[in-house]
Amino acid sequence: MAGGGGAGRKVAVAAVQFACTDTESDNVAAAERLIREAHKKGANIVLIQELFEGHYFCQAQRMDFFRRAKPYKENPTILRMQKLAKELDVVIPVSFFEEANNAHYNSVAIIDADGTDLGLYRKSHIPDGPGYQEKFYFNPGDTGFKAFKTKYATIGVGICWDQWFPETARAMVLQGAEILFYPTAIGSEPQDINLDSREHWKRVMQGHAGANLVPLVASNRIGKETVETEHGNSTIKFYGNSFIAGPTGEIVKLANDIDEEVLVAEFDLDEIKSTRHGWGIFRDRRIDLYKVLLTLDGEKSS
């Protein structure tokens with residue numbers, strides 16, 4: 001119950017995970033099928049994994065892969081998701097590879113429950129390592145971090161590598177985000193088959209939820225994907241483990257690493273808001289001491 005004893009503002013969120021083929025129509029159909037399943041389970045906001053239209057192509061540096069990018073406006077996948085959102089009365093953040101004149105971005109469009117496109121977020125932090133060579137394809141995002149006021153909640157959406165930076169989560173919550181969403185594509189490391197980051201990955205985002213006292217939803221893909229690179233084939237086994245965390249960082253729903261799944265959890269946002277305000281984590285911030293965050297080496301800025 002929310003303050004004064006009235007009914008709280010309850011919102012059900014969902015994370016879906018599935019294995020992608022490299023055929024766009026199949027993947028978009030799979031996403032729609034799982035969104036419909038989430039809706040049947042009562043979800044109001046449904047998160048799809050990062051770049052779900054095809055294989056995670058960033059394993060390679062190939063010129064032909066730029067042909068996968070599409071403009072934001074009149075994007076067929078976004079238009080389809082707008083129709084679906086309106087039909088089901090659900091909110092859908094839609095990840096896509098964006099072409100913007102001569103620039104390219106790893107982007108997400110936020111579709112409200114009436115089908116309205118609320119705007120765009122472009123991924124801010126761009127990784128560049130074996131198997132995850134995103135700097136070859138994506139410009140650093142220029143939108144800044146955002147909070148989007150949807151029918152059910154004000155939400156913040158970061159994209160994959162953004163999730164490793166606490167500043168991303170805090171910036172979105174400071175703008176009013178009540179729930180954080182992170183579409184993701186992460187799995188094995190081609191250069192080290194013994195490196196498994198899944199527990200670290202989950203704990204970092206659980207920390208964002210707990211530090212900001214907001215629920216958090218992460219959606220990752222599953223399956224093994226092999227991409228032909230300039231040096232031979234590269235393979236990543238994506239480890240799923242999509243999850244929903246509560247406002248103290250506790251995992252309330254967790255997928256495994258092999259199965260297609262739809263996770264749904266409900267939260268009382270008014271109750272969480274009261275707890276967040278009472279906890280004092282924003283009241284007691286010392287922004288006068290945070291100038292050091294603007295430096296690279298930790299030295300005090302002048």
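Okay, hi everyone. Keep in mind that what you see here is a predicted model.

Let's start with helix H2, residues 76-88. With 13 residues at 1.5 Å a residue, H2 should span 18 Å, and its end C-alpha atoms are 18 Å apart, so the two agree. Look at the N-terminal end: Asn75 caps it, with a side-chain oxygen 3.0 Å from the backbone nitrogen of Thr77. After the helix comes Asp89, and its phi is positive, near 60°.

Which residues of H2 are buried? They're Thr77, Ile78, Met81, Gln82, Leu84, Ala85 and Leu88. And what covers them? The cover includes helix H1, plus strands E3, E4 and E5.

In soluble globular proteins, nonpolar side chains tend to be buried together. The largest nonpolar core here has 34 residues, and Tyr56, Phe57, Phe138, Leu180, Trp201 and Leu216 are the ones with the most contacts inside it. Several elements give two or more residues to this core, including helix H3, strand E10 and H4. H4 gives the most, with 4 residues.

Last stop, Asn212, which lies in H4. Is Asn212 buried or exposed? Its relative accessibility is 2%, so Asn212 counts as buried. Beyond its neighbours within four places in sequence, its contacts include Ala169, Val173, Arg276 and Phe282.

That's it from me, thanks!

Technical notes. Residues numbered from 1 in each chain as written. Predicted model: local features only at pLDDT ≥ 70, side-chain atom pairs only at ≥ 80, totals over all residues. Heavy atoms only, no water. Buried < 20%, exposed > 50% of the residue type's maximum accessible area, 1.4 Å probe, protein only. Contact = heavy atoms within 4.5 Å. Expected span 1.5 Å × (residues − 1). Polar contact = N/O pair within 3.5 Å; in protein donor to acceptor, adjacent residues only side chain to side chain. Core = buried A, V, L, I, M, F, W, Y, C linked by side-chain atoms within 4.5 Å.
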